[in-house]
Amino acid sequence: MQRYIERFLRYLEIEKNASKHTLLNYRLDLEAFAVFLGDTAIEKVDYLLLRKYMAGLKEKNMRQKTISRKISCLRSFFRFLCREGYLKNNPVLTLMSPRREKHLPIFLTEDEVTRLIDTPQQDSELGSRDRAIFETLYSTGMRVSELVGLSIADVDFISGVVKVMGKGKKERLLPIGDKAIDSIRKYLDKRSKDSDALFLNKNHKRITDRGIRDVLARYIRHLSMKKGISPHKI
């Protein structure tokens, strides 16, 4: 089983240009499935065994979204094994994924977004940085992973365009508004440390995904807003 997992992950990395995050999730899901199989050979996996696996996931009170992701992983894995000739039959073809739970989306109103963006005080370096972060997220809609990867050279201050590295290491260009551009300029003017990275933490290192989320959580608490707001909601 392990050699099949390694071949599949290598295929995803080389042929599909999958991100490290995707590769890690696939590895964790497949290795958990391997533990479930134990000594059972991959050729012996059938519909009934897969149903038993799904039942075990439900008994662990996993969310339907998580179970669906694990089944999707197995679909891709077994499709790969069949295409490469390691297996003759695909046992996942007739397996139905559980219906996904539907939740009302959590969002910020226009007034809440305005309050959030206006809260950081731009008379300090960190305050200017936080304002620029919020303005950039709101203006471009980029992912946090894209935001933390930004370098100063990625921002075209004249054309109002920012270059980001998206999922699968694919570059894309996003328009960025004048307010965001202005906030970034003010932050860079106040910054005391030279660096290629656009946004720095308090130790003058490139800020991390966790750092962005901590910054947002602090302002959410300060404004007594609803909990569960992520940077993506901005």
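In this predicted model, the buried residues of helix α1 are covered by elements that include α2 (20-37) and α4. Six names make up the buried set of α1: Tyr4, Ile5, Phe8, Leu9, Tyr11 and Leu12. Viewed down the axis of α1, these buried residues fall within an arc of 155 degrees, so they line one face of the helix. An α-helix has 3.6 residues a turn, so residues three or four places apart point the same way. Helix α1 itself has 13 residues. From its first C-alpha to its last, α1 reaches 18 Å, close to the 18 Å expected at 1.5 Å a residue.

The packing of α1 (residues 2-14) on α4 (residues 64-83) was examined next. Two packed helices are described by the angle between their axes and the distance between the axes. For α1 and α4, the angle is about 95 degrees and the axes lie 10 Å apart. Angles of 65 to 115 degrees count as roughly perpendicular. The two helices, α1 and α4, are therefore roughly perpendicular to each other. On the α1 side, the contact is made by Tyr4, Ile5, Arg7, Phe8 and Tyr11. On the α4 side, Ser76, Phe77, Phe80, Leu81 and Arg83 take part. By class, the contact of α1 with α4 has 7 nonpolar residues, 1 polar residue and 2 charged residues.

Arg75 also lies in helix α4. With a relative accessible area of 24%, Arg75 is partly exposed. In sequence, Arg75 and Pro91 are 16 residues apart. In space, the C-alpha atoms of Arg75 and Pro91 are 8.9 Å apart.

Neighbours within four places in sequence aside, Asn17 is in contact with Leu12, Gly168 and Lys169. Leu12 is also one of the buried residues of α1. Asn17 and Gly168 are 151 residues apart in sequence, yet their C-alpha atoms are 5.4 Å apart in space.

Arg143 counts as partly exposed, at 34% relative accessibility. Beyond its neighbours within four places in sequence, Arg143 is in contact with Gly166, Lys167 and Arg172. Arg143 and Glu112 are 31 residues apart in sequence. Their C-alpha atoms are 20 Å apart in space.

Helix α6 contains Glu135. The relative accessible area of Glu135 is 7%. Buried means under 20%, so Glu135 is buried. With neighbours within four places in sequence left out, Glu135 is in contact with Ile117, Lys179, Ala180 and Ser183.

The buried residues of α9 are Gly211, Ile212, Val215, Leu216, Tyr219 and Ile220. Helix α9 (residues 209-222) has 14 residues. At 1.5 Å a residue, α9 should span 20 Å. Its end C-alpha atoms are 20 Å apart, which agrees.

Technical notes
Residues are numbered from 1 along each chain as its sequence is written. This is a predicted model: local features need pLDDT of at least 70, side-chain atom pairs count only at pLDDT 80 or more; totals for chains, interfaces and linings use all residues. Side-chain values use heavy atoms; hydrogens and water are left out. Axes are lines fitted to C-alpha atoms, for helices over the stretch in contact, and angles run from 0 to 180 degrees between N-to-C directions. Helices (H or I, at least four residues) and strands (E, at least two) are DSSP runs, numbered from the N terminus. Angles under 35 degrees count as roughly parallel, over 145 as roughly antiparallel, 65 to 115 as roughly perpendicular and the rest as oblique. Contact means heavy atoms within 4.5 Å. Ala, Val, Leu, Ile, Met, Phe, Trp, Tyr, Cys and Pro count as nonpolar, Asp, Glu, Lys and Arg as charged, and the others, Gly among them, as polar. The expected span of a helix is 1.5 Å times one less than its number of residues. Buried means under 20% relative accessible area, exposed over 50%, partly exposed in between (1.4 Å probe, protein chains only). The arc is that of the directions from the helix axis to the C-beta atoms.
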